[in-house]
Amino acid sequence: MKKYVYLFNEGNASMKELLGGKGANLAEMTNIGLPVPSGFTITTEACNAYYDSGKAISPEVKEQILTALEKLEQYTDKRLGDPTNPLLVSVRSGAVFSMPGMMDTILNLGMNDETARGMAELTNNPRFAYDSYRRFIQMFSDVVLGVDVYFFEQLLEEYREEKGYSSDPELTAEDWQEVIKGYKEIVKKRTKKDFPQDPREQLFLSINSVFDSWNNQRAIVYRRLNKIPGHLGTAVNIQMMVFGNMGDDSGTGVAFTRNPSTGEAVLYGEYLINAQGEDVVAGIRTPKPILTLKDEMPTVYQQFADTCHHLEQHYKDMQDIEFTVERGRLFILQTRTGKRTAQAAIRIAVEMVAEGIIDKKTAILRVDPDQLNQLLHRRLDDKVERNLLAKGLPASPGAATGGVVFDADEAETLGNEGKKVILVRPETTPDDIHGIVAAQAVVTSRGGMTSHAAVVARGMGKACICGCEDLKIDLSKKQFIVGDTVVNHGDVITIDGGTGEIMLGEIPMIEPELSDEFKLLLEWADETRKLGVRANADNPVDALRAFEFGAGGIGLCRTEHMFMDPKRIPIVQKMILAETYEERKEALDLLLPMQQGDFEGIFEAMQGLPVTIRLLDPPLHEFLPDKEELLVEVTKLQITDPDNEELQYKEKLLKKVNQLAEFNPMLGLRGCRLGLMHPEIYEMQAKAIFYAIATLNDKGLPVKPEIMIPLVGHVNELKEMRELVINAANEVQQETGKEFNYLIGTMIEIPRAALTADQIAEEADFFSFGTNDLTQTTFGFSRDDAEGKFLQAYINHKVLPENPFVVLDQEGVGKLVETGVKLGRQTNPTLKTGICGEHGGEKHSIEFCYNTGLDYVSCSPYRVPLARLAAAQATIRKEQNVGQVELHAQK
């Protein structure tokens, strides 16, 4: 018979896919002798069987659950539902990949009228017993019975006000009994049934609910956001309850073995005396820092510190630990690899190498390349005076500016419209995740450093401030008040997640600086990786930034961006409007020295590293005014001032716009086609490149130019354009007396080019795969239309696993890249190959490029460090013969 249920002592850490992350870790901790409350795990396979059976637990699984329950009862010497010695359990989800707060949990299961009385007598603490019972009714009713928690909270709030209490610990046992009576009436009113008293019925209803929560909306959103496959299912962990709310010698908390924001090697976390676990993460009470536990419970603190050290050494990574102290006795409820900021991830990885815990390759694999974006963007300018409004806990570093919104749905709506907003809430719940995703940052007035908002924001790399109690938030009026200051919906604030400061208005930001640990990790990555990393840069400023970020050259310099300079547009338009070759040449002669200056600046910034310059790619109409706007202007002038000289010019411009208009400009007169029809344009650009080389050579500066012809689909196009470039080089060579070393290649962005790469390679020194256009032409998608109209629906309905413009489509576009490389090198074994689309800065695509044998990837300057790290990880994984699990799992 297949085994669906495992006692904790029957599992281990290697069984993560079967037991889930939580279950595997509980089993591992049990087996290494840590004080873990006993329990058992229902496997992820049982979850899938539940869905396969039409959302029903099979008799076989049910029998194994009851057998495990019986063993748990024997081991603890307690019985579920026994009034004299009741066993109470928690029922928690446990997915393969950590999904904090996304699925459902039930605590204190086994409580009913009889066991509550039994617990009161057994513990000689009636207040504790009835507090636990009311918690169970509220949680079970919310999660299992579908009764909104609002009704219970409203009743409790009214009861507190009636009694004059300010906090829950003031309520007596008798008070809780009154509250319980009211809670039961709510259940009866909302469900038309009495609250279930049979603990076994409670248990199986709870297991069903946890299985169901695998596919709740917030879990689906989280999985999509974190690329977690939907077929894995969740395990369910049934564990003996231990209680942190049994008095002042009890408590509960969450701690990290190192600071998850900075990476500093100190215990970091929070706890509450006389509380249960949900009190810490719910943000209802403000917890105390973990270090103060040393004063309140010194023996427990030392035992906990020793346990943290043991777990970190065992798992060889920073741990996120949940613990409870019951009457002075420490219990470890969970450990998992702790989520951390990019800054912390790098510091922890580097310091663990220094401490001898891990090696350099493990350290490289420990840092998610996507996280590095957190470190490569702006922070607040310290020189600017700050209009400090309030200060809370610095829950997640980074800075952000935006308009205040108080609702997650509105944050999502405005965020999707491209507006920058900051979500301000008393506290967040897992239901707010879509708003957190869309917002620039999150601020809460309650909760601590391990509250929901803090953990989720850190995982996303968003700035977050929690526990800012000075904020008096009024959700109904859409405003918050600090002292005498009222901040209304839409007002702009700036926050610093590193300091916890909230400021009115917008504050200037400055460019990031890389830490010593970051530089060291990237040095290790460079020592390891075999794939080159270049940058896409179109001006000297971006080129210099790319160089500073460690780019090995420029893989794409788009010359059309230089033409878009407002000072040059009149000359470019004069060139386009020219009726004769002579008129066009006159305009081009004015543009040539400007282009030469552009290239000199970029070559100089790159200090002898290779620079790939793409000759003009877009259609000429992109440099002309909008047709509709021009038509309005012409019509207005014809009516109001028909003799105006400007009218004649604009009429001529409109005529040219009409002549150049195309039904599908993406597939029209652009790229090498433009060069073939108007070779003087490409000739000017080529000469500007060679004049720039000659000037820098006079200064003693080395230059490695690579001239790229765009949109080639047939070898004859490249053959003619190659000859044009060579002739231009020869002319400048004769004029200057300089010798030029350069490469001529093409961008492979049309399927035919990839399929005939063996022919095209006869005329090419290099191929650069333009995967943005190659994706468009392969799928037949117009990117703007696809992303705006249907692509997200395709992803949501799993027609496509990913947006192919973000993550390279390896099965389709990828095969064209593989074909192009293979055929090209058959003809030209020394052919250099790379990609310069946006995929060059995406980790899965980078790994594909390395495995396909490309020489380099090229990406935006700010993604260069990411690409360096991802390229090193790809090298290590290939050596270890390990693929990217999450990507494979989706297929």
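This is a predicted model: local features need pLDDT of at least 70, side-chain atom pairs count only at pLDDT 80 or more; totals for chains, interfaces and linings use all residues.
**α18 against α35.** I looked up how these two helices pass each other, and α18 passes α35 in a left-handed crossing (left-handed if the near helix is turned anticlockwise from the far one by less than a right angle, right-handed if clockwise). The contact, meaning heavy atoms within 4.5 Å, is made by Phe518, Leu521, Leu522, Ala525, Asp526 and Thr528 of α18 with Pro865, Arg868, Leu869, Ala872, Thr875 and Ile876 of α35. I sorted the contact residues into 8 nonpolar, 2 polar and 2 charged (Ala, Val, Leu, Ile, Met, Phe, Trp, Tyr, Cys and Pro count as nonpolar, Asp, Glu, Lys and Arg as charged, the others, Gly among them, as polar).

Numbering runs from 1 along each chain as its sequence is written, and side-chain values use heavy atoms, with hydrogens and water left out.

**Angle.** The axes of α18 and α35 (residues 864-880) come within 8 Å and cross at roughly 45 degrees, which makes α18 oblique to α35. Axes here are lines fitted to C-alpha atoms, for helices over the stretch in contact, and angles run from 0 to 180 degrees between N-to-C directions. Under 35 degrees is roughly parallel, over 145 roughly antiparallel, 65 to 115 roughly perpendicular, and the rest oblique.

**Asp516.** I found aspartate 516 in α18 (residues 516-528); helices are DSSP runs of H or I, at least four residues, strands are E runs of at least two, and both are numbered from the N terminus. Aspartate 516 is exposed, at 63% relative accessible area (buried is under 20%, exposed over 50%, partly exposed in between, with a 1.4 Å probe and protein chains only).

**Gln479.** I placed glutamine 479 in strand β19 (residues 479-482), and it counts as buried at 14% relative accessibility. Its side chain makes a polar contact of 3.0 Å with the side chain of asparagine 488 (a pair of N or O atoms within 3.5 Å; within protein, one must be able to donate a hydrogen and the other to accept it, and residues adjacent in sequence count only if both atoms are side-chain atoms).

**Thr756.** Threonine 756 sits in the loop between α28 (751-755) and α29 (757-760). I have it as buried, at 11%, and its side chain reaches the backbone oxygen of arginine 752 at 2.7 Å.

**α21.** I checked helix α21 (residues 569-577) last, and 7 of its 9 residues are buried. What covers them includes α20 (560-563), α22 (581-606), α24 (645-660) and α26 (679-698).
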